[in-house]
Amino acid sequence: MVGGVQLGVLAACIVLFVPMGLAGWHLSRNKMLFFSGALFITLAVGVHLTPYFPSIYDALSSLSSSVDDINSRDSCISFLHHISFLHKSSNLSSVDYSWVNSPPVLACDFQRLGRSDAADLLNGSWVVVAGDSQARLIALSLLSLVLDSEDMEVVKGDLFKRHSDYRMVIGQIGMKLDFIWAPYVGNLTGMITELKRNGNYPDVLVIGSGLWHMLHFTNSSDYGVSLQSLRDLVVSLAPIAPSLAGGLGSVSVRSPHFFWVGMPWLINSMLNTEEKREKMDDAMVSAYNRELYQSKLLRQWGGGPLILLDVESLSRNCGISCTVDGMHYDGVVYEVAAHVMLNALLIESHQKL
C-alpha cells in the first residue's frame, strides 16, 4: 500500500507539473517569460514539497531559529544601557537605578544580580581588568558584587595604591581577578600580546584607555592608530566571522569574553586642573570618540569583537550630582556598568539565573 508521503508527493507533482508544464511550453517562445516561468515553477515545487521531506524542513527550521536567536541576542545587547537613575529627593547622594520599563527591555529580562547569583556566574572564572582609573573603578565594583563589606574595606586600600597592579583570588568561589594598570592603548596591546604568547587567556577581559592619552598627547589621530592595532590583535584571538578577521591569523578555540570600558562624561568646568580643562574640552572628547567608532573595535559600533561598557551614557544619566571632579563618578555608576557586563555574559553564554 502506497504511504501517505508518497501519495502527497504524487499529488503535488500532478497539480504542479501538468498545468505549469503546459504553461511553460507556451512561454518558451519568449525567453524572458520562459525563464521567469521556470523560476516560479521551481520555487513553487520547493515550497510544496519541502514539508514532505522532514530532514530538509527541520534543517530550514533550525537555521531560522538560529538566526532569530542571534538577532535576539544582539538586540538585547543594544538595550543593556537603557537604565534610569533615581535620585532620592531627601538625599541627592543616594541614587538608585533600574532598567527602563519599555517592552523591548522587559523582553530581555535583564537582572540586577545579588551576591549569590554574581558568585555563581563568576564561579571558577579568571577575570582580567586592565586600563586607567575608570577600569580600576569597574574592578572595584565587580569585586563588591561578590565580597562582603569587611573584605571590601581591605580591597579598597590595596586596589587604590597609585598606578599599581592588583591581584586577588576569592577562594570560596574559585574566582581570580587581576587588575593591570594600563593607561595607554599601547599598554593594553602589550598585555594582550603577552597573553597570546603564553597561550593562556582569561575567561573575561575588560579593557579601556583614553583619558591619559587625551591629557598627555592630545592627538586623536594617534589614538585611532593605536586602537586599530589593538583591534587587529584582538580579532586574531576572538572567534568571529572570517570576513571581519580579514585574514589576520588563526582563531583561538578558547578566547575571552571581551569588554571595553568607555570614557566617562567629562564635565569640563568641574575638571580639577587648568591643564585638564584646556586639553580635555568637548571638541577633543568628540574627536577621541570618533576614532573609537571608526576603529570598529566595538560590537555596538561596527560589529567589532568588544562589547562597550558605556560609562559615558551611564555617567551622563546619573548627572552632575554623581561627580565631584567631572571625571570620576560615584560608585553607583560603576556598579551599573558591572551589572551591564554580567548581564552581557548571561546573554553571550545563554544562561539564566
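This is a predicted model: local features need pLDDT of at least 70, side-chain atom pairs count only at pLDDT 80 or more; totals for chains, interfaces and linings use all residues.
1. Residues are numbered from 1 along each chain as its sequence is written, and side-chain values use heavy atoms, with hydrogens and water left out.

2. The chain holds 15 helices and eight strands. These are DSSP runs numbered from the N terminus (helices: H or I, at least four residues; strands: E, at least two). Of the 353 residues, 45% are buried; buried means under 20% relative accessible area, exposed over 50%, and partly exposed in between (1.4 Å probe, protein chains only).

3. Which residues of α6 meet α15? They are Gln134, Leu137, Ile138, Ser141 and Leu142, and on the α15 side the partners include Tyr334, Met341 and Leu342. The residues of this contact (heavy atoms within 4.5 Å) divide into eight nonpolar, three polar and one charged. Nonpolar covers Ala, Val, Leu, Ile, Met, Phe, Trp, Tyr, Cys and Pro; charged covers Asp, Glu, Lys and Arg; the others, Gly among them, are polar.

4. Gln134 sits in α6 (residues 133–144). Is Gln134 buried or exposed? Its relative accessibility is 1%, so Gln134 counts as buried. The Gln134 side chain reaches the backbone oxygen of Met327 at 3.2 Å. Beyond its neighbours within four places in sequence, Gln134 contacts residues including Leu211, Val261, His328 and Tyr334.

5. The largest nonpolar core has 66 residues, and Met341 and Leu342 are among those touching the most other members. Helix α15 (residues 331–348) gives the most to this core, with 13 residues. A second, separate core of 37 residues includes Trp260 and Met263. Such a core is a set of buried Ala, Val, Leu, Ile, Met, Phe, Trp, Tyr and Cys residues joined through side-chain atoms within 4.5 Å.

6. Lys88 lies in the loop between β1 (83–87) and β2 (95–99). At 41% relative accessibility, Lys88 counts as partly exposed. Leaving out residues up to four places away in sequence, Lys88 touches Ser94 and Asp96.

Terms used
A polar contact is a pair of N or O atoms within 3.5 Å; within protein, one must be able to donate a hydrogen and the other to accept it, and residues adjacent in sequence count only if both atoms are side-chain atoms.
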